[in-house]
Amino acid sequence: MSVEFLKMVSELYSQRYLVKLQSLIANKIPCGFFCGFAFLENVPALAKQLKDMGINLTCICVMDETRKIEGGLDIPIITLEEFSNLEPKPAQMFHFDGVITPAFRNYFLRYGTNTWILSNANAMEMLYGFYIQHLSDLYTVHEMFSDEESKKVFRASIKGKLTYRIEDFRYAPEPQYFLEGFFPTGGDIAIDGGAYDGGTARDFAMQGAEVYSFEMDEKNYRNCLARAKKYKFTVENMGLSNQENEDFYIQGNTGSRKGGNSGLIAKFIDLDTYVIRKDLPRVDYIKLDIEGAELDMLHGAAKTIARWKPKMAVSAYHKPEDLFTLATYIKSVRPDYEFKFRHYRIDFTDYELNDAQRDIFRKFGLSFFVPSGCEMVLYCR
């Protein structure tokens, strides 16, 4: 194995979540807990749990006075604004997992407080064991990348997943899906798997591509229709999978996914069948962000991939094994693919936040480009 990869493995042994948590407890490091935009009902029980674990919990930080927690806590409860005058400040601020809360990381860092996503230590240790078990698979994919930056991002992604610290990830500067040489251009036939609100399909259409976008969630599909009409792309109310059928899906706005037994049913189709049915002359590009169904979809697109070798941008973060199964499968279908790997901040500029949340971002000088453990993209060409 390369020196850099071995160094990453060595660092994980001493810096993974459980080991760092044990160090916090053993050294009685002062810690806080930031509630962010989360519901507060469970915070008293959570605070008790942290203290029972041995965490030296010195404060709980809430967004503002209207979100103060009532009763039962012997820990100071302060607002985000009051944190600036708090003395002494905690060295570590825990916060709930989520895509918005990491936006506050730089605010706390202004005052010398690091942030850390709260997770289940046993689950994190199991994930560590899983990745150690598949170390050779991870290294095989690591060596597939054609540039050093991809290797650095890939190693950082493994490390960040196992430390659960935002600072251990490595983020790309370009807009997501738009790595030079890997996005659709004029005249390309592009497949957009996971349309949500049609924003990505719009961006591809504005590049001059002929876009076929897929969204299984009925609500999201209807939200796409106006953009589809305006920017002249096709949007299908179905999901991409490994075969044509109907199945349940779980509605979750940006995170709607196949599976469960919610009572909501969607149509699914494999891309190979869709290409034949629509009589597409070729496929030049595929983008996938379908909440863990990426590998299934790739199985259902094997003939398309083998025949035309489309450029691809495949989300590689929904399942732990995505870091090695996706590239390995694609390589088995077309051994001549070139791979790159990037990780992106989530762009909340015109996405998901409500007006009150946007006002808070502005008040505290927060960036609308928020780091997270999501949005890792495997590029192929």
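Colleague: By class, how many nonpolar, polar and charged residues does the lining of the largest cavity have?

Modeller: That lining has 8 nonpolar residues, no polar ones and 1 charged residue. Here Ala, Val, Leu, Ile, Met, Phe, Trp, Tyr, Cys and Pro count as nonpolar, Asp, Glu, Lys and Arg as charged, and the others, Gly among them, as polar. Keep in mind that this is a predicted model: local features need pLDDT of at least 70, side-chain atom pairs count only at pLDDT 80 or more, and totals for chains, interfaces and linings use all residues. Residues are numbered from 1 along each chain as its sequence is written, and side-chain values use heavy atoms, leaving out hydrogens and water.

Colleague: What is a cavity, and which residues line the largest cavity?

Modeller: On a 1 Å grid over the protein atoms alone, a cavity is a set of points where a 1.4 Å probe fits but cannot get out, and lining residues have an atom within 4 Å of a point. Grid points are joined across faces, edges and corners, and the volume is the space filled by probe spheres set on the points. In this structure, the largest cavity has a volume of about 30 Å³. Its lining residues are Val141, Phe145, Phe154, Ala316, Asp322, Leu323, Ala327, Phe341 and Leu378. Helix 14 supplies the largest share, 3 residues. Helices (H or I, at least four residues) and strands (E, at least two) are DSSP runs, numbered from the N terminus.

Colleague: Which residues of helix 9 are buried?

Modeller: Buried means under 20% relative accessible area, exposed over 50%, and partly exposed in between, with a 1.4 Å probe and protein chains only. Helix 9 (residues 199-206) is mostly covered, with 6 of its 8 residues buried: Gly199, Thr200, Ala201, Arg202, Phe204 and Ala205. After helix 9 comes Gly208, whose phi is positive, near 95°.

Colleague: How is a pair of aromatic rings described?

Modeller: By the distance of the centres and the angle of the planes. Rings of Phe, Tyr and Trp (its six-membered ring) pair if their centres lie within 6.5 Å; planes under 30 degrees apart are stacked, over 60 edge-to-face, and the rest tilted. The structure holds 29 aromatic pairs. In one of them, the rings of Phe178 and Phe183 have centres 5.0 Å apart and planes at 40°, so the pair is tilted. Phe178 and Phe204 also form a tilted pair, because their centres are 5.8 Å apart and their planes at 45°. This pair links distant parts of the chain: Phe178 is in the loop between helix 8 (148-163) and strand 6, and Phe204 is in helix 9, 26 residues apart.

Notes: On a 1 Å grid over the protein atoms alone, a cavity is a set of points where a 1.4 Å probe fits but cannot get out, and a pocket is an open set with protein on both sides within 12 Å along at least five of seven lines; lining residues have an atom within 4 Å of a point.
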